[in-house]
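Here is my note on this structure, written as numbered points for a reader who is new to such models. Please keep the sequence and the picture open while reading.

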Amino acid sequence: MSATAVFGSTGLVGSQILSTLLSTPKNTTTIQTISRRAPSSSGAKLQATIEPDTSLWASKLAALSPAPSTVFSALGTTRQAAGGIANQWKIDHDLNVELAKAAKRQVGTRTFVFISSAGSSGVIANRLPYTQMKQGVEKAIEDLGFEQSIILRPGLILGDREVPHQGGPLLIGVVRALGRWIGQGAQDRWGQEADVIARAAVHAARIAEEGKAPAKHWVLECADIVRLGRNEPTIIGPATGPEPPYPYRMEGKVISGFGRGSKELGIPTANLPVDESVSWISDIPSGVYFGWASLALPSSHPDFLGHQFELYPMVMSIGYNPFYKNTVRSAEVHVLQKFKADFYGCQMRLLITGFIREEKDYNGLEALIADIEFDCEVARRSLQRVGWAPNEKVEGGKLDYGWLLRRLDEEEEQEGEKKA
Ligand SMILES: Cc1cc2nc3c(=O)[nH]c(=O)nc-3n(C[C@H](O)[C@H](O)[C@H](O)COP(=O)(O)O)c2cc1C
């Protein structure tokens, strides 16, 4: 991320966004804040503007140098602190909208990230002033047409506020107890820790900057926030390379699946027949795996590169796709490369080098897409290390990939020799 501005930098989530940005050196060049009082973090990259008069914030934002290409707003107050809903509206709604407008129209900000709230859509939400306020800001941001807008909708924000909400500590206690008694999953559905939300916001902005956001207006619900924000591994296994029982090998001709991958998800997948007689495939857990694919494209294919097998990094799902409730176990490969045409019927070999996560069910397509994008990132990062890469792809790569590129006629010869 280049120059970045943060609003709400003295609040619970905003202060964590600021410290996350400051502690991740490659993230930003300059981090600017505009706030009523000084933020508690400090750092060489921080340019803090203290301005008690919030009506001047939009013009101060417009005057920032360098102009921030990413703006985070975690700006919000409580009804109690503001002295009533009308005053809260002026900050939570009006000021946020004013800042978003200034960012888009005067600064030319590319990415606007807004910390909203769970339940800001739906029938009940439409009637509650608090969610109407958040909805209004979300809509204004979407209408402004940023190149990228990111909305986070956390549940109850867990963390210690300087000035607690009325009843807040009690509610937070209940949600944390859910985590202890029922499990982390139960807690995650109702509330998220402020630092997790902050890390999710920064992570989402980085994914967007790399051009990998699943939508131009990307809405992250509680589950996405937890995944992006918690320290789920973004790289798998040791630097030295895959560990036993990996790598697994799989081979077959690409067959068609239900076709939803390309159409609904925008993530094309190539299916391979699952031969349950191969012992490892029936024994391994369903889930998301990654590794290398080699593909024998015909010479007539627009992506044919002149030799029989070509290597590509891949991410794949083995299982029943609970989101689509498949009844048959499938193996679906997403090759991390854009192809100009499909390749049904082509021979594909897979060297599966590791496991990323279990397969999950989702409330909506967007969450599934966000998770797959995240899987792709994990796979890419993991495979870039020399211990995991063939030297065809990464200089000094140490992975034994001979089998992936072996010509089909060589293979037939070997089979023949074995039989003889
Ligand atoms: C990397 C990756 C991860 C996936 N994770 C899940 C998952 O957690 N849950 C799920 O229901 N489907 C998951 N899928 C499967 C998609 O739902 C699947 O690609 C989609 O059903 C399209 O299949 P189709 O082309 O056969 O219609 C994943 C697919 C890939 C490539």
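1. Leaving aside its neighbours within four places in sequence, with which residues is Leu272 in contact? The model is a predicted one, and in it Leu272 is in contact with Met250, Gly252, Val254, Ala331, Val333 and Met348 once those sequence neighbours are set aside. Leu272 itself belongs to strand β11, which covers residues 270-272.

2. Is Leu272 buried or exposed? A residue is called buried here if 20 or more other C-beta atoms lie within 10 Å of its own, and because Leu272 has 22 other C-beta atoms within 10 Å, Leu272 is buried. Tyr344 lies 72 residues away from Leu272 in sequence, while the C-alpha atoms of the two are 9.9 Å apart in space.

3. For the chain as a whole, 39% of the 420 residues count as buried, and the chain contains 14 helices and 15 strands. Among the contacts between residues at least 6 apart in sequence, 70% join residues that are at least 24 apart.

4. Please look next at the open sheet, in which seven strands follow the order β3-β2-β1-β4-β5-β6-β9 with parallel pairing. Its edge strands are β3 (46-50) and β9 (217-220), each of which pairs on one side only. Direction ignored, neighbouring strands of this sheet are turned by 15 degrees against each other on average.

5. Strand β2 (residues 31-35) deserves a paragraph of its own: five of its five residues are buried, so the strand is largely enclosed by the rest of the structure. In a regular strand the side chains alternate between the two faces of the sheet. In β2, Ile31, Thr33 and Ser35 point one way, whereas Gln32 and Ile34 point the other way, and all of them are buried.

6. Strand β1 (residues 4-7) pairs with β2 in the parallel sense over four bridges, and Gln32 is the bridge partner of Ala5. Five bridges join β2 to β3, and these two strands also run parallel; here the bridge partner of Gln32 is Gln47 in β3.

7. Elsewhere in the sheet, strand β5 (residues 111-115) is joined by five bridges to strand β6 (residues 148-152), and the two run parallel. Thr111 stands opposite Gln148 in β6. Helix α5 (residues 129-144) packs on the sheet, where it touches β5, β6 and β9, and its direction makes about 170 degrees with that of β5.

8. How do the axes of helices α9 and α12 cross, and at roughly what angle? The axes of α9 (residues 222-229) and α12 come within 10 Å and cross at roughly 10 degrees, and α9 and α12 are therefore roughly parallel to each other. Ala223, Asp224, Arg227 and Leu228 in α9 meet Ala367, Ala370, Asp371 and Phe374 in α12. The residues of this contact divide into five nonpolar, no polar and three charged.

Definitions and conventions. Residues are numbered from 1 along each chain as its sequence is written. This is a predicted model: local features need pLDDT of at least 70, side-chain atom pairs count only at pLDDT 80 or more; totals for chains, interfaces and linings use all residues. A residue is buried if 20 or more other C-beta atoms lie within 10 Å of its own, exposed if 12 or fewer, and partly exposed in between; C-beta atoms are placed from the backbone. Two residues are in contact if their C-beta atoms, placed from the backbone, lie within 7 Å. Axes are lines fitted to C-alpha atoms, for helices over the stretch in contact, and angles run from 0 to 180 degrees between N-to-C directions. Angles under 35 degrees count as roughly parallel, over 145 as roughly antiparallel, 65 to 115 as roughly perpendicular and the rest as oblique. Ala, Val, Leu, Ile, Met, Phe, Trp, Tyr, Cys and Pro count as nonpolar, Asp, Glu, Lys and Arg as charged, and the others, Gly among them, as polar. Two strands pair if DSSP finds at least two bridges between them.
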